[in-house]
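Look over the sequence and the model first.

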Amino acid sequence: MISKLENDKILIKADSLGAELKKLVLKKNNKDYLWHGDSKYWGRSAPVLFPFVGRLKADKYVYNNQEYKMTQHGFARDKEFELIDQGENHLTFSLTEDKASLKKYPFKFRLEIKYKIKGNSLAVSYKVRNCDQKKMFFSIGAHPAFYWPLNKNENKEDYYLEFNKTETASRYLLESGLLNNQKEKLIEKSKKLELKADTFKDDALVFKDIKSKKIILKSRKSEAKVEMEFEGFPYLGIWSQSAAAPFICIEPWHGIADSVDSSGKLEEKEGIMSLEAGNNFESTYVIKID
């Protein structure tokens with residue numbers, strides 16, 4: 001089921017399947033900034049990554065001496081959520097455990113995804129509640145894809161990413177979706193990360209150590225831009241499927257893929273978060289379009 005929100009500046013649509021954002025339209029030019037999900041390149045638009053971010057080593061993990069199988073980015077993106085609240089400027093979707101999820105992930109939980117619009121901004125909020133009687137381990141992350149370039153008369157090379165703080169940062173390298181314990185210096189005392197069609201030829205750019213909590217996709221040839229604010233998220237991924245794919249994903253994460261030498265034990269997983277029984281975790285990121 002598709003639900004819609006709009007004000008005088010923007011219009012959004014979200015699908016109950018995966019609680020996934022499907023449209024993000026700036027009304028003044030009727031431009032949709034969100035990738036439409038063409039399976040020729042990548043069939044999703046903005047999936048929610050839960051209860052894991054990235055790939056697990058051998059697509060499995062061990063908890064309480066039992067082995068569980070889990071595909072990349074977890075199962076929430078393929079689950080039907082319930083729309084539990086809708087107001088003039090917000091939508092809230094909810095997902096809880098079921099028999100199928102408990103076979104992959106042995107925790108009782110409640111996940112709420114809230115979309116709230118104000119002016120030309122969209123706030124996306126996560127709320128995770130541990131509904132179990134034991135400590136719960138999880139990760140959660142965002143994966144929104146934006147058109148790149150944003151205008152038909154532009155090229156990918158006309159764009160760059162601008163951080164809100166001067167950065168000296170390395171990307172952490174991936175090998176078949178796993179961190180391989182190597183890194184490559186990518187930014188040296190700069191706020192800018194130049195973009196090229198082949199920027200992602202070696203998979204996603206994964207950052208652990210940036211200071212910035214805001215990033216802007218900008219063009220040198222137009223005023224169009226996408227700004228993302230992600231206060232509190234310790235990891236950031238940036239990705240596109242191929243040199244030909246006309247989109248770029250900007251992904252704030254609470255969690256990260258396994259490394260090639262991960263132990264496989266859930267409690268030892270890098271970036272994993274824990275939540276005591278009955279407690280909540282909340283986090284928000286904001287997208288602003290111009």
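How much space lies in the second largest pocket? About 200 Å³.

## The model

This is a predicted model, where local features need pLDDT of at least 70, side-chain atom pairs count only at pLDDT 80 or more, and totals for chains, interfaces and linings use all residues. Residues are numbered from 1 along each chain as its sequence is written, and side-chain values use heavy atoms, with hydrogens and water left out.

## The second largest pocket

A pocket is an open set of points on a 1 Å grid over the protein atoms alone, where a 1.4 Å probe fits, with protein on both sides within 12 Å along at least five of seven lines; lining residues have an atom within 4 Å of a point. A volume is the space filled by probe spheres set on the points.

R171 is one of the residues that line the second largest pocket. Others include E184, D202 and L205. Strand β16 (residues 178-194) gives the largest share of this lining, 4 residues. Strands (E, at least two residues) are DSSP runs, numbered from the N terminus.

## R171

R171 sits in strand β15 (residues 159-175). It counts as buried because its relative accessibility is 4%; buried means under 20% relative accessible area (1.4 Å probe, protein chains only).

The side chain of R171 reaches the backbone oxygen of A204 at 2.9 Å. A polar atom of that side chain also lies 3.4 Å from the backbone oxygen of D203.

## The largest pocket

The largest pocket has a volume of about 340 Å³. Of its 20 lining residues, the closest to its centre are Q72, H73, L174, D203 and A204.

Note on methods
Buried < 20%, exposed > 50% of the residue type's maximum accessible area, 1.4 Å probe, protein only. Polar contact = N/O pair within 3.5 Å; in protein donor to acceptor, adjacent residues only side chain to side chain.
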